[in-house]
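Please look at the sequence and the model below. A short report on the chain comes after them.

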Amino acid sequence: MMIDPLVLLQAYSIGVFPMADDRDAQDVYWVEPKQRAILPLDGFHLSHSLSKTIRRDRFAVTANRAFPQILALCAESAADRPSTWINHQIESAYRHLHEVGFAHSIEVWEGDELVGGLYGVAIGRAFFGESMVSRRTDASKVALAWLVARLRAGGLTLLDCQFMTDHLRSMGAIEISQRDYLQLLAGATGGVALGAAAGASVLASGSGVAAELAFAPLAGLPSAPSLTVSGPVSGHSIVQLLTHTS
């Protein structure tokens, strides 16, 4: 059974998201962590070695050019992750959200090979990170660095990481209470009408201006004529943005 896309967006707007027990699970359950991991967009930890990797453009980085492939790669089992919470129902639901403009991916390439990346959902000025994957050293770190830089360029204010991991903590993620998270969430999504009455009009509107500014340049798409700030799209500029504090 397909997860209704409007219900999925409404769930995000109240701090809830879906998971499954494993790849072949038939059921999906809804999760609301009591402690929420977020990555403050002005608190990203850029190590010297990662900065060097990004500046040298060791990897090519794009957005929304290979969403189904990133989603499938995240759902694959690996030596350090023999199972996955992304079952076929969830995979289908996020592919649908991508088609209507709410789910986005960052892809990391080594030549013509997709070697890492991440995907998530954008609503208003919030980005909800769902999963990231790495098939080369530092590929997922590069993806996260580019995501943070692009979200800052687009004017987004919240990067939700759901659950804390050592990897995320090393990159600057922190844990906050669900109550504090909901306050940040309301501020980031308050201008987006997601009530049942909105229906198809919400799905037709996509993630909004902030996400367009964040992802369109990396997707190879021109910004809308009214949007004059495209932000950095080179490794050198990404590092500059990450190390600049206002």
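## Basis of the report

The structure is a predicted model, in which local features need pLDDT of at least 70, side-chain atom pairs count only at pLDDT 80 or more, and totals for chains, interfaces and linings use all residues. Residues are numbered from 1 along each chain as its sequence is written, and side-chain values use heavy atoms, with hydrogens and water left out.

## The chain as a whole

The chain has ten helices and nine strands. Helices (H or I, at least four residues) and strands (E, at least two) are DSSP runs, numbered from the N terminus.

Of the 246 residues in the chain, 51% are buried. Buried means under 20% relative accessible area, exposed means over 50%, and partly exposed lies in between (1.4 Å probe, protein chains only). The accessible surface of the chain is about 11,100 Å², and carbon and sulfur atoms hold 53% of that surface. These areas come from the Shrake-Rupley method with a 1.4 Å probe; for residues, only the protein chains shown count as cover. Among the contacts in the chain with a separation of 6 or more, 75% join residues 24 or more positions apart. Contact means heavy atoms within 4.5 Å.

## Helix α5 and its two partners

Two packed helices are described by the angle between their axes and the distance between the axes. Axes are lines fitted to C-alpha atoms, for helices over the stretch in contact, and angles run from 0 to 180 degrees between N-to-C directions. Helix α5 (residues 139–154) packs with helix α10 (residues 235–243) at about 70 degrees, the axes being 9 Å apart. The two helices are therefore roughly perpendicular; angles under 35 degrees count as roughly parallel, over 145 as roughly antiparallel, 65 to 115 as roughly perpendicular and the rest as oblique. The crossing of α5 with α10 is left-handed, a term used if the near helix is turned anticlockwise from the far one by less than a right angle, with right-handed used if clockwise. On the α5 side the contact includes Trp 146, Val 148 and Arg 150, and on the α10 side it includes Ile 238 and Leu 241. This contact has eight nonpolar, one polar and two charged residues. Ala, Val, Leu, Ile, Met, Phe, Trp, Tyr, Cys and Pro count as nonpolar, Asp, Glu, Lys and Arg as charged, and the others, Gly among them, as polar.

Helix α2 (residues 48–55) also meets α5: their axes come within 11 Å and cross at roughly 80 degrees. α2 and α5 are therefore roughly perpendicular to each other. Leu 50, Thr 53 and Ile 54 of α2 touch Lys 141, Val 142, Ala 145 and Trp 146 of α5. By class, five residues of the contact of α2 with α5 are nonpolar, one is polar and one is charged.

α1 and helix α4 (residues 88–99) pack at about 90 degrees, with 10 Å between their axes. That makes the pair roughly perpendicular. Pro 5, Leu 8, Leu 9 and Tyr 12 in α1 face Ala 93, Tyr 94, His 96 and Leu 97 in α4. The contact of α1 with α4 has seven nonpolar residues, one polar and no charged.

Leu 8 belongs to helix α1 (residues 5–13). With 0% relative accessibility, Leu 8 counts as buried. Beyond four places away in sequence, the residues that Leu 8 touches include Ile 3, Pro 18 and Trp 30. Pro 18 is ten residues from Leu 8 in sequence, and their C-alpha atoms are 8.1 Å apart.

Helix α3 (residues 67–75) has buried residues including Phe 67, Ile 70 and Leu 71. Its buried residues pack against α4, β5 (103–110), β6 (113–123) and β7 (126–134).

## Two residues with positive phi

Most residues other than glycine have a negative phi, and most peptide bonds are trans. Asp 57 has a positive phi near 50 degrees. This residue lies in the loop between α2 and β4 (60–63), and Asp 57 is partly exposed, at 43% relative accessible area.

Gln 162 has a positive phi of about 70 degrees. Gln 162 is in strand β8 (residues 158–162) and is buried, at 5% relative accessible area. Outside four places in sequence, Gln 162 is in contact with residues including Phe 17, Arg 36 and Glu 130.
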